[in-house]
Amino acid sequence: DTMPQLRSISLAASRRDMVLAHVSGLKERAELLAEQGQFRGLFHNLITGKPDTNNREYSQGRLNGMADGKAVFSAFLVDARGRVELASAGSQSGADLAGYPAFVNGMAGPHVGIPRRVDEHFEVVLSAPIHDYSNPPRNVAVLILTANVSTLAEAVKEAALAVDGHALHV
């Protein structure tokens with residue numbers, strides 16, 4: 001009976017597509033959030049030794065606003081050496097994240113980590129570079145976010161379906 005198998009394959013493919021679209025959206029979200037002018041201004045001033053204007057205060061406010069405890073649990077601005085320059089309320093600044101995969105990958109480009117279960121929710125670490133638009137442009141820092149992906153958890157759990165005695169991994 002191939003009809004149920006075809007339906008299973010179609011369902012798995014649609015769930016796979018949903019998960020891939022969500023992951024793509026998470027990457028895009030991290031990249032867009034990293035483009036905040038106050039973040040770029042903060043790191044430009046730190047690198048060039050210029051006195052800080054309001055970029056630190058505005059960046060702190062933006063991080064606190066991002067980490068609403070619902071969609072995003074924590075937000076960090078990490079300098080090019082891996083030191084946490086600013087962190088959302090309730091998070092620790094000053095930590096060394098130089099060897100942390102989200103930092104390393106985030107310096108290279110937008111990155112979505114592997115979702116993991118924490119207590120009663122699922123979360124994923126997102127990261128994206130903060131660019132300095134000097135000539136030539138370079139990545140000078142990383143925005144790291146811990147995002148809630150609990151709504152995706154069920155689709156991820158069901159994304160591998162048994163088809164004809166074999167697991168279909170998506």
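Predicted model: local features only at pLDDT ≥ 70, side-chain atom pairs only at ≥ 80, totals over all residues.
Tutor: Let us begin with helix α3, whose 12 residues should span 16 Å at 1.5 Å a residue; its end C-alpha atoms are 16 Å apart, which agrees.

Student: Which residues of α3 are buried?

Tutor: Asn55, Ser59, Leu63 and Met66 are the buried residues in α3.

Student: Where do the buried residues fall, seen down the axis of α3?

Tutor: They fall within an arc of 65°, so they line one face of the helix. An α-helix has 3.6 residues a turn, so residues three or four places apart point the same way.

Student: Turning to the core, how many residues does the largest nonpolar core have?

Tutor: The largest nonpolar core has 28 residues. Leu63 and Met66 are among those with the most contacts inside it, as are Leu77, Leu126, Ile130, Leu143 and Leu145.

Student: Which elements give two or more residues to this core?

Tutor: They are the helices α1 (2-34), α2 (37-48) and α3 (55-66), together with the strands β1 (72-79), β5 (121-132) and β6 (138-148). A second, separate core has 11 residues, including Phe76, Val84, Val142 and Ile144.

Student: What is leucine 126 in contact with?

Tutor: Neighbours within four places in sequence aside, leucine 126 is in contact with Leu26, Ala30, His111, Val112, Leu143, Ile144, Leu145 and Ala147.

Student: A new topic: where is aspartate 132 found, and is it buried or exposed?

Tutor: Aspartate 132 is found in strand β5. The cut-off for buried is under 20% relative accessible area, and aspartate 132, at 11% relative accessibility, therefore counts as buried.

Student: What is aspartate 132 in contact with?

Tutor: Again leaving aside neighbours within four places in sequence, its contacts are His44, Pro137, Arg138 and Val140. Aspartate 132 and glycine 41 are 91 residues apart in sequence, yet 8.6 Å apart in space, C-alpha to C-alpha.

Student: And the second largest pocket: how much space lies in it?

Tutor: About 170 Å³. The lining includes Ser74, Phe76, Tyr100, Arg116, Glu123 and Ile144.

Student: Which strand gives the most to that lining?

Tutor: Strand β5 gives the most, with 3 residues. β1, β5 and β6 each supply at least two.

Student: Finally, the whole protein: how many helices and strands are there?

Tutor: There are 5 helices and 8 strands, and along the sequence they follow the pattern α-α-α-β-β-α-β-β-β-β-α-β-β. Of the 170 residues, 39% count as buried.

Methods. Residues numbered from 1 in each chain as written. Heavy atoms only, no water. Core = buried A, V, L, I, M, F, W, Y, C linked by side-chain atoms within 4.5 Å. Buried < 20%, exposed > 50% of the residue type's maximum accessible area, 1.4 Å probe, protein only. Helix = DSSP H or I, 4+ residues; strand = E, 2+ residues; numbered from the N terminus. Contact = heavy atoms within 4.5 Å. Expected span 1.5 Å × (residues − 1). Arc of directions from axis to C-beta. 1 Å grid on protein atoms, 1.4 Å probe; cavity = no way out; pocket = protein on both sides within 12 Å on 5 of 7 lines; lining within 4 Å. Points joined across faces, edges and corners; volume = space filled by probe spheres on them.
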